[in-house]
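User: Could you take a close look at the aromatic contacts in this model for me, and at the charged side chains as well? I'd enjoy a connected walk-through.

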Amino acid sequence: MSFIDSGLIHIGRIIKTLFLQWEFASKNALFQRIDARIKLIFLVSFIIIISLKNEIHTQIFITIFIFSLMLLSRLNPIVFYKKILILWFIFGFLIILPSAFNVITEGRVVLPILMLSKSYDVWIYHIPQIIGFTNKGIVIIVMFTLRIINSLSLSFLIVYTTPFHEIIKALKVFKIPDTILMIVILSYSYIFIFSKTVEEIYLAKKARTLIRNNDKESRQWIAGRVAYIFRKTQQRYEDIFKAMLSRGFANEIMLYNFKKINIYNYIIALLLFSLELYCCFI
């Protein structure tokens, strides 16, 4: 498979993930039936609790709680946590790992990694003879890991169970500036426009090419098409914006058909925020 083919397959997976989000959000399950305004308040308040709590047992309870919500919302735990663990490993574990060594965090060495001939003093830093993981450093990694996983799990839970337009409506209710909402909406739409443009250009090239290009030639072709794709998509957005202005757009997002919060949402909201308070005191 050529370099461009594999890239298009990757783009197709991204688009498939977006469509799967709509499929998950349309299920008749626990979190899908909750109003988006309640879910956003729950997300912000629970993220604050996750960030402030320093007890491992509390973070473990929150992990179990979010996992239970995920199961009650009929989400696939394998797909759900696979993405979370990948993000945690790249943007969490690799960053916080050096803090577990006794070179950075003081404490008793419980897992030696390297033994030097003697200790060294470099400027204001002390390098001990035995370098390894300390008990305090491991606690820091565990705490940081639980915080990241809980924050990502909660965010993915809201995103996977809420249609995109409902999230925008909820943000509008909470007085998020229209400029930010427009950027989010257009960026979300740009994924589909950009993917379709790249696919059409590549298929047109492939239909006129008899010999398969190697990866080097493919990269050179992509580099030459970047500026063209940018101009094409920029022109597409300018045409869209002019069409919006011709139809009365005045730099303000107008949203209608807000659903009333029913008794089911009030009961679920009371239970969720009661569990949040419980997490604050355990």
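Analyst: Happy to. Let's begin with burial: a residue is buried under 20% relative accessible area, exposed over 50%, and partly exposed in between, using a 1.4 Å probe and protein chains only. This is a predicted model, where local features need pLDDT of at least 70, side-chain atom pairs count only at pLDDT 80 or more, and totals for chains, interfaces and linings use all residues. Residues are numbered from 1 along each chain as its sequence is written, and side-chain values use heavy atoms, with hydrogens and water left out.

Now to the rings. The structure holds 11 aromatic pairs (rings of Phe, Tyr and Trp, the last by its six-membered ring, with centres within 6.5 Å; planes under 30 degrees apart are stacked, over 60 edge-to-face, the rest tilted). One of them joins Phe46 and Phe65 edge-to-face, at 5.8 Å centre to centre and 65 degrees between the planes. Phe46 belongs to helix 2 (residues 36-52) and Phe65 to helix 3 (residues 56-72), so this pair ties together parts 19 residues apart in sequence. Helices here are DSSP runs of H or I with at least four residues, strands are E runs of at least two, and both are numbered from the N terminus. Phe46 and Phe65 are both buried.

Another pair, Phe101 with Phe133, is stacked: 4.7 Å centre to centre, 25 degrees between the planes. Phe101 sits in the loop between helix 4 and strand 1 (109-115), while Phe133 is in strand 4 (residues 130-134), 32 residues away. Phe101 counts as partly exposed because its relative accessibility is 22%, whereas Phe133, at 15%, counts as buried.

Phe46 and Phe65 also share one aromatic cluster with Phe31, Phe42 and Phe273.

On to the charges. The charged end of Arg33 sits over the ring of Tyr264, 4.2 Å from its centre (the rule is NZ of Lys or CZ of Arg within 6 Å of the ring centre and within 35 degrees of the ring normal). The whole structure has 2 salt bridges, meaning a side-chain nitrogen of Lys or Arg within 4 Å of a carboxyl oxygen of Asp or Glu. Arg37 bridges to Asp35, with the closest N and O atoms 2.8 Å apart. Arg37 is buried because its relative accessibility is 18%, and Asp35 is buried too, at 13%. In the Glu55 and Lys53 bridge, N to O is 3.5 Å. Here Glu55 is partly exposed at 31%, while Lys53 is buried at 12%.
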